[in-house]
Amino acid sequence: MTEHVVPSASGHRWYSRPVLFVSDLNRALSFHSDQLGFEKNWHAGDGAGTVCQVSRSDCEIILCQDPARRDKARLFIELTADGLRDLRRELAGRSVPTKATWWGYDTTQVSDPDGNELLFPVPE
């Protein structure tokens, strides 16, 4: 296989936010804020639109209600060992279902109401 080298774009910042497609934006927003501790940053249409953004620390996620999209996403979120321990404690306190799974690493998986998966790898 030929190695492809991409020149460095020094000075340019790449900033990304995953989009999770959901069937009910209000349900998804409630899950991410009430169950996972995210905060709503903005909501299109002055709170009446079908797209919003939530964040927790440096993790930003766009939630989009789109009846034509039924695909599911998998988001890989790395925390420190202390951060993962605290998150597990929060999730247990809120009775959020989790499961231990493997995705190249031991991970803790949380699935939202639409089946989108948030994977938290266990730090080495």
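## An exposed loop residue

At 52% relative accessibility, G45 counts as exposed, because the cut-off for that class is over 50%. G45 sits in the loop that links strand 2 to strand 3. The model described here is a predicted one. Between G45 and R13 there are 32 residues in sequence, and their C-alpha atoms lie 29 Å apart in space.

## Strands 2, 3 and 4

Strand 2, residues 39-43, pairs with strand 3, residues 51-56, in the antiparallel sense over four bridges. Within this pairing, H43 stands opposite C52 of strand 3. Strand 3 also pairs with strand 4, residues 59-65, again in the antiparallel sense and over six bridges. There, C52 faces L63 of strand 4.

Strand 3 and strand 4 form a hairpin with two residues between them. In the turn of this hairpin, S57 has a positive phi of about 55°.

S55 belongs to strand 3. Is S55 buried or exposed? Its relative accessible area is 12%, and S55 therefore counts as buried, the cut-off being under 20%.

The side chain of S55 makes a polar contact of 2.9 Å with the side chain of N41. With neighbours within four places in sequence left aside, the residues in contact with S55 are F38, E39, N41 and E60.

## Helix 1 and its buried side

Helix 1 spans residues 25-35, and its buried residues are L25, A28, L29, F31 and H32. These residues cover an arc of only 160° around the axis, so they lie on the same side of helix 1. An α-helix has 3.6 residues a turn, so residues three or four places apart point the same way. The cover over the buried residues of helix 1 includes strand 1 (19-22), strand 2, strand 3, strand 4 and strand 7 (106-111).

Both ends of the helix have a local feature to inspect. At the start of helix 1, a side-chain oxygen of D24 comes to within 3.1 Å of the backbone nitrogen of N26. Just after helix 1, G37 adopts a positive phi of about 80°.

## The largest nonpolar core

The largest nonpolar core has 22 residues, of which L36, I61, L63, V110 and F120 touch the most other members. Two or more residues each come from strand 1, helix 1, strand 3, strand 4, helix 2 (81-93) and strand 8. Helix 1 gives the most, with four residues. In soluble globular proteins, nonpolar side chains tend to be buried together.

Which residues are in contact with L36, leaving aside its neighbours within four places in sequence? They are F31, R56, L91, R94, V96, V110 and L118.

A separate heading is given to the open sheet of four strands, whose order is 5-8-7-6 with mixed pairing. Its edge strands are strand 5 (74-76) and strand 6 (99-102), each of which pairs on one side only. From one strand to the next, the twist averages 35°.

Strand 5 and strand 8, residues 117-121, run parallel and are joined by three bridges. In this pair, F76 stands opposite L119 of strand 8.

Terms used. Residues are numbered from 1 along each chain as its sequence is written. This is a predicted model: local features need pLDDT of at least 70, side-chain atom pairs count only at pLDDT 80 or more; totals for chains, interfaces and linings use all residues. Side-chain values use heavy atoms; hydrogens and water are left out. Two strands pair if DSSP finds at least two bridges between them. Axes are lines fitted to C-alpha atoms, for helices over the stretch in contact, and angles run from 0 to 180 degrees between N-to-C directions. Buried means under 20% relative accessible area, exposed over 50%, partly exposed in between (1.4 Å probe, protein chains only). The arc is that of the directions from the helix axis to the C-beta atoms. Contact means heavy atoms within 4.5 Å. A polar contact is a pair of N or O atoms within 3.5 Å; within protein, one must be able to donate a hydrogen and the other to accept it, and residues adjacent in sequence count only if both atoms are side-chain atoms. A nonpolar core is a set of buried Ala, Val, Leu, Ile, Met, Phe, Trp, Tyr and Cys residues joined through side-chain atoms within 4.5 Å.
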